[in-house]
Amino acid sequence: ITDALQWAGWIWRGSVVWDKMTSRPQKGRFRQQSEYVVWGSNGPMPVNRPVGCLPGVFRYANPQNRIHVTEKPLQLMRDLVKICVPGGRILDPFCGSGTTVLAARLEGYEAVGVEVTDAYYKLGSDRVRFALKSHAELDNAAE
Ligand SMILES: C[S@@+](CC[C@H](N)C(=O)[O-])C[C@H]1O[C@@H](n2cnc3c(N)ncnc32)[C@H](O)[C@@H]1O
């Protein structure tokens, strides 16, 4: 991924850790307890842009009711998208069930997702549409 990102002309900035906390123990093996988030930018990222100091390790359990086998926790993605300037645009080229797109929209970003599998494209799009509609209805009810 780091090679692909740079080949595409982006700047690879680093990696952060998602600690899933729980994972199946495997005798004679390390637990597969973490995943790595490669991140980069399409162009410069001045340090004086309005983005705070973010952690390098994020601890969230796997979602319980997944519609994608490798679905990420929504709160993890809501935390991660904050690396982008407020109101910026987030790209997830491997969108799956749309967690990144949903997280980005809930945090006030624009979002573009790409998904090659028709079934996941449909599931992810429906999920995002439904969740944003419910969110808007809750907001309206609170006003
Ligand atoms: C690890 S899953 C993403 C899961 C997602 N983060 C979520 O929370 O649901 C990766 C997804 O990328 C899709 N994918 C694989 N190769 C792709 C490609 N070349 N272009 C677009 N999507 C692709 C797969 O179908 C799969 O749904």
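Let's start with the ligand. It has 15 residues around it, the closest being His-68, Thr-70, Ser-97, Thr-99 and Glu-115. Near, here, means that a heavy atom of the residue lies within 4 Å of the molecule.

Before the details, the ground rules. This is a predicted model: local features need pLDDT of at least 70, side-chain atom pairs count only at pLDDT 80 or more, and totals for chains, interfaces and linings use all residues. Residues are numbered from 1 along each chain as its sequence is written, and side-chain values use heavy atoms, with hydrogens and water left out.

Glu-115 places a side-chain N or O atom 2.6 Å from a ligand oxygen. For His-68, a polar side-chain atom is 2.8 Å from an oxygen of the ligand. Lys-72 uses a polar backbone atom, 3.0 Å from a ligand oxygen. On its own, the ligand has 610 Å² of accessible area, and the protein covers 70% of that. Areas are Shrake-Rupley, with a 1.4 Å probe; for residues, only the protein chains shown count as cover.

Next, the core. Which residues make up the largest nonpolar core? Seven: Val-16, Trp-18, Phe-58, Leu-76, Met-77, Leu-80 and Ala-103. The term means buried Ala, Val, Leu, Ile, Met, Phe, Trp, Tyr and Cys residues joined through side-chain atoms within 4.5 Å. Buried is under 20% relative accessible area, exposed is over 50%, and partly exposed is in between (1.4 Å probe, protein chains only). β1 (11-19) and α2 (74-80) each supply at least two core residues. α2 gives the most, with three. Helices (H or I, at least four residues) and strands (E, at least two) are DSSP runs, numbered from the N terminus.

Now Thr-100. Thr-100 sits in helix α3, residues 99-106. It is buried, at 9% relative accessible area. Leaving out residues up to four places away in sequence, Thr-100 touches Met-77, Val-81, Ile-90 and Asp-92. Contact means heavy atoms within 4.5 Å.

Last, the cysteines. Cys-53 is exposed, at 80%. Cys-84 is buried, at 16%. Its closest cysteine sulfur, in Cys-95, is 16 Å away, too far for a bond.

Methods
A disulfide is a pair of cysteine sulfur atoms within 2.5 Å. A polar contact is a pair of N or O atoms within 3.5 Å; within protein, one must be able to donate a hydrogen and the other to accept it, and residues adjacent in sequence count only if both atoms are side-chain atoms.
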